Amino acid sequence: MIAPKTPGTITPKRKVSGRAKFWNDRLQQADNNRAMAAVVMDQARAIATALERQTGDDMVWYSLAKTLHDWCRAHDA
């Protein structure tokens, strides 16, 4: 039998929703494109840190670095 949830319990769905609200609020507060990019980079680092903690695997950092490297190569004149 599944125990009923106690009021105020943070479920995985609420946790994701809370993170989305946090980052969306920060994006809305950004007043220019540079500030928006800084928020998204902070979000990427936060996600990579959380994934590394959860999995114990640092390959998430390689994936992030590869994505950024590809962007740099595409935009470097």
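Okay, so let's start with the lining of the largest pocket: by class, that's eight nonpolar, two polar and two charged residues. Here Ala, Val, Leu, Ile, Met, Phe, Trp, Tyr, Cys and Pro count as nonpolar, Asp, Glu, Lys and Arg as charged, and the others, Gly among them, as polar.

Quick housekeeping: this is a predicted model, where local features need pLDDT of at least 70 and side-chain atom pairs pLDDT 80 or more, while totals for chains, interfaces and linings use all residues. Numbering runs from 1 along each chain as its sequence is written, and side-chain values use heavy atoms, with hydrogens and water left out.

What do I mean by a pocket? On a 1 Å grid over the protein atoms alone, it's an open set of points where a 1.4 Å probe fits, with protein on both sides within 12 Å along at least five of seven lines; lining residues have an atom within 4 Å of a point.

The largest one holds about 270 Å³, and its lining includes Phe22, Trp23 and Ile47. Helix 1 (12-29) and helix 2 (33-55) each put in at least two residues; helices are DSSP runs of H or I, at least four residues.

Now the second largest pocket, at about 160 Å³. Helix 2 gives the most to that lining, five residues, and helix 3 (59-75) supplies at least two.

So, helix 2 itself. Its 23 residues should span 33 Å at 1.5 Å a residue, and the end C-alpha atoms are 33 Å apart, so that agrees; the expected span is 1.5 Å times one less than the residue count. After helix 2 comes Gly56, with a positive phi near 75 degrees.

Terms used. Points joined across faces, edges and corners; volume = space filled by probe spheres on them.
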